[in-house]
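Hi,

Here is the structure I promised to pass along.

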Amino acid sequence: VTALPDMVTGSNGKPHFSDASSLCFNISHSGGDVAVLLGDEGSVGCDIERVRPRKNWPLLAGAAFSESERQAIAALAPADRLEMFWQIWTRKEAMVKQAAGSVWQMDTAASAGLFVSQYRIADTLLLALCTPRPHRLERDDFQLWGYETPVRIERLEQKTGAGEGNRTLV
């Protein structure tokens with residue numbers, strides 16, 4: 001068994017392995033759900049969120065989303081707006097985390113040259129992944145614990161941009 005290299009944090013607080021290994025990782029959690037993304041082709045970012053009520057989500061969208069993202073939410077039926085907020089939020093947060101930024105930089109998140117994919121897991125859990133190279137995950141690429149089997153994993157169609165100029169693979 002090979003031990004993983006020591007972990008350190010960069011000046012921005014993002015943890016990484018101390019050696020010159022090309023193995024990169026990112027971790028996200030939402031309540032009791034945790035996502036870990038490992039990649040060997042450059043920095044990666046992930047976000048996992050449970051679709052849930054959030055008291056001031058329209059204010060957050062106003063502060064952190066582009067005009068086209070806000071318009072896409074507004075064009076939906078009221079019952080669908082909260083889920084679209086979380087879909088956009090997870091994509092943008094995965095991009096910010098890939099770039100080792102903070103949630104306070106979400107309004108400027110850009111993924112030029114990056115690839116973002118998104119999945120719905122077991123109806124109310126959203127997962128977004130941001131990588132420097134194209135990826136296409138299949139059901140067997142996911143390791144799920146604590147869920148009754150089989151767990152439904154759905155690749156989401158891109159319904160609204162994750163920010164202008166993004167290349168999105170779904």
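Let me start at a turn: in the hairpin of strand 6 (residues 115-121) and strand 7, three residues sit between the strands, and A122 among the hairpin residues has a positive phi near 50°. Strands here are DSSP runs of E with at least two residues, numbered from the N terminus.

Before going on, some housekeeping. This is a predicted model, with local features needing pLDDT of at least 70 and side-chain atom pairs counting only at pLDDT 80 or more, while totals for chains, interfaces and linings use all residues. Residues are numbered from 1 along each chain as its sequence is written, and side-chain values use heavy atoms, with hydrogens and water left out.

With strand 6 the pairing is antiparallel over seven bridges (two strands pair if DSSP finds at least two bridges between them), and Q118 has A128 as its bridge partner. Strand 5 also runs antiparallel to strand 7, joined by six bridges, and there E49 is partnered with L126.

How many residues of strand 7 are buried? Seven of the seven are, so the strand is largely enclosed by the rest of the structure. Buried means under 20% relative accessible area, using a 1.4 Å probe and protein chains only. In a regular strand the side chains alternate between the two faces of the sheet. In strand 7 both faces are covered, with L125, L127, L129 and T131 on one side and L126, A128 and C130 on the other.

L126, in strand 7 (residues 125-131), is buried at a relative accessible area of 0%. Beyond its neighbours within four places in sequence, L126 has contacts (heavy atoms within 4.5 Å) that include I48, V51, W86, Y119 and L156.

A pocket is an open set of points on a 1 Å grid over the protein atoms alone, where a 1.4 Å probe fits, with protein on both sides within 12 Å along at least five of seven lines; lining residues have an atom within 4 Å of a point. The largest pocket is lined by 30 residues, and V36, L37, L127, D141 and F142 lie nearest its centre. Strand 4 (33-39), strand 5 (45-50) and strand 7 each give two or more residues to that lining, and strand 4 has the largest share, seven residues.

The second largest pocket has eleven lining residues, with K14, P15, N26, K97 and G101 nearest its centre.

Cheers

Methods. Helix = DSSP H or I, 4+ residues; strand = E, 2+ residues; numbered from the N terminus. Buried < 20%, exposed > 50% of the residue type's maximum accessible area, 1.4 Å probe, protein only.
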